[in-house]
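This briefing goes with the sequence and structure shown below. It is grouped by topic for reading beside the model.

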Amino acid sequence: MTQTAPPRTVTVIGGGIGGLTAALTFAQTGAKVFLVEQAPEITAVGAGIQITPNAARVLEALGLGDALASASIISQAVVPSDALTGVALARFPLDVQKPPYRLMHRAALIDVLMTACAAAGVEITLGAKVAMITDQDEVLLDTGKALATTDLTIFADGVKSIGRTYIAGGCDPFFTGQVAWRAVIDQDAPPEARIWMAPGRHVVSYPLPGNRLNIVAVQERDAWADEGWSHRADPADVQAAFADCAPVLRDLLAQIGDVHLWGLFRHDVALQWHRGRMVLLGDAAHPTLPFLAQGANMAIEDAYVLAQCVAKGGDPDLALEQYQALRRPRVTRAIAAANANAVNYHLRGVNRQVAHLGLRAIGQVAPKRFLGRLDWLYGHDVTR
């Protein structure tokens, strides 16, 4: 039977940023929301996150503006730098962005979302791992128990999504030949993101509340590493990878104690995002490389658009088709831009020299114009 009213019951699989945002958004439309997370607690690996204006608009529309402001730092600029010399090539201002470009700890954002979900009546079940989906669209846990059937089931369960396998078929990600280390150190720093570029490598650093500095270091190499953020690594490895860089960068990396390593893999954007009453969201549909800071931001957008599409009622298949039609071109463009940065940050030889001269020239002549090229990204407003 064709559904003619908005879904009254919604199950969200996955308690990350995308899943929590989806749970909150649907709860605010009046749905009864059940969120299922396989971990025994909802938390985040110690790492920062950049909330760009396009996603900040969603969080503000959900009533989280004040909580977001109290848990974050407003970034004033992005500063591309030569990692070998330590010299800043340019400074591109971000203070013209409205809403502001925010820097915060992932755990803080999850706390904000969890608090809002609890206040909205979202029912959260922890330690419940989805094992399979039957041909009758039943979602079974590893205990053998089936989840209660709801009007809509949202799979926000990340790059290894069992929902994606069921809805869109298998995906064969491939190793990009790059690995990334993620760490947080105690360090006071200006409110700006700095990109330290070296041949075949780069580091991104930016401050977090509490006089901490988030560090992500990326290196091209043949040695494969697992996908995921939970793999502990030796700080000496990341320090050795940048041993020929400027003292200012080496000093930052020398302060790393606890560090995690993960391999960077490319995944195709899913061709199909929904099947029956099931739908994909965030990394489950479109994993991205971390070179545009848009993984979580795109998931936040997804959540809002999905809720708005299905809240209108009518034919649920058409609502999910509309969601996919609205989102797939945008995330595909964002992923392509991230892939391009993966190349641009690691240039060598003459190409590197030319690119650095270009950044210097733009920084001197038209610094605001550089970020104007990202108006399609930061200026987008899914809440309109």
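In which helix is the place of Asn-297? Asn-297 sits in helix H8, residues 295-311; helices are DSSP runs of H or I with at least four residues, strands are runs of E with at least two, and both are numbered from the N terminus. The model is predicted, so local features need pLDDT of at least 70 and side-chain atom pairs count only at pLDDT 80 or more, while totals for chains, interfaces and linings use all residues. Residues are numbered from 1 along each chain as its sequence is written, and side-chain values use heavy atoms, with hydrogens and water left out.

**Asn-297**

- Asn-297 is buried, at a relative accessible area of 1% (buried is under 20%, exposed is over 50%, and partly exposed is in between, with a 1.4 Å probe and protein chains only).
- A polar atom of the Asn-297 side chain is 3.1 Å from the backbone nitrogen of Thr-52.
- Beyond its neighbours within four places in sequence, Asn-297 has contacts with Gln-50, Ile-51, Thr-52, Asn-54 and Ala-55 (contact means heavy atoms within 4.5 Å).

**Nonpolar cores**

- The largest nonpolar core contains 104 residues (a core is a set of buried Ala, Val, Leu, Ile, Met, Phe, Trp, Tyr and Cys residues joined through side-chain atoms within 4.5 Å).
- H8 gives the most to this core, with 11 residues.
- The residues with the most contacts inside the largest core include Phe-26, Ile-51, Leu-109 and Leu-306.
- Not counting residues up to four places away in sequence, Ile-51 touches Leu-109, Asn-297 and Ile-300, among others.
- A second, separate core has 21 residues, among them Trp-181, Ala-241, Leu-249 and Leu-261.

**Helix packing around H1**

- Two packed helices are described by the angle between their axes and the distance between the axes.
- Helix H1 (residues 17-28) packs with H8 at an angle of about 25°, and their axes are 8 Å apart (axes are lines fitted to C-alpha atoms, for helices over the stretch in contact, and angles run from 0 to 180 degrees between N-to-C directions).
- H1 and H8 are therefore roughly parallel (roughly parallel is under 35 degrees, roughly antiparallel over 145, roughly perpendicular 65 to 115, and the rest oblique).
- The H1 residues that meet H8 include Gly-18, Ala-22 and Phe-26, and those of H8 include Ala-299, Ala-303 and Leu-306.
- H1 and helix H4 (residues 106-119) pack at about 20°, with axes 9 Å apart, and are therefore roughly parallel as well.
- Among the residues in the H1 and H4 contact are Leu-20 and Leu-24 of H1, and Leu-109 and Leu-113 of H4.
- H1 passes H8 in a right-handed crossing, but H4 in a left-handed one (left-handed if the near helix is turned anticlockwise from the far one by less than a right angle, right-handed if clockwise).

**Ala-183**

- Ala-183 is in strand S12, residues 174-186, and is buried at 2% relative accessibility.
- The C-alpha atoms of Ala-183 and Gly-48 are 8.8 Å apart, although 135 residues separate the two along the chain.

**Positive phi**

- Most residues other than glycine have a negative phi.
- Asp-137 has a positive phi, near 65°; Asp-137 lies in the loop between strand S9 (130-133) and strand S10 (139-141) and is buried at 15% relative accessibility.
- Ala-293 has a positive phi, near 55°; Ala-293 lies in the loop between strand S19 (278-280) and H8 and is partly exposed at 22% relative accessibility.

Key. A polar contact is a pair of N or O atoms within 3.5 Å; within protein, one must be able to donate a hydrogen and the other to accept it, and residues adjacent in sequence count only if both atoms are side-chain atoms.
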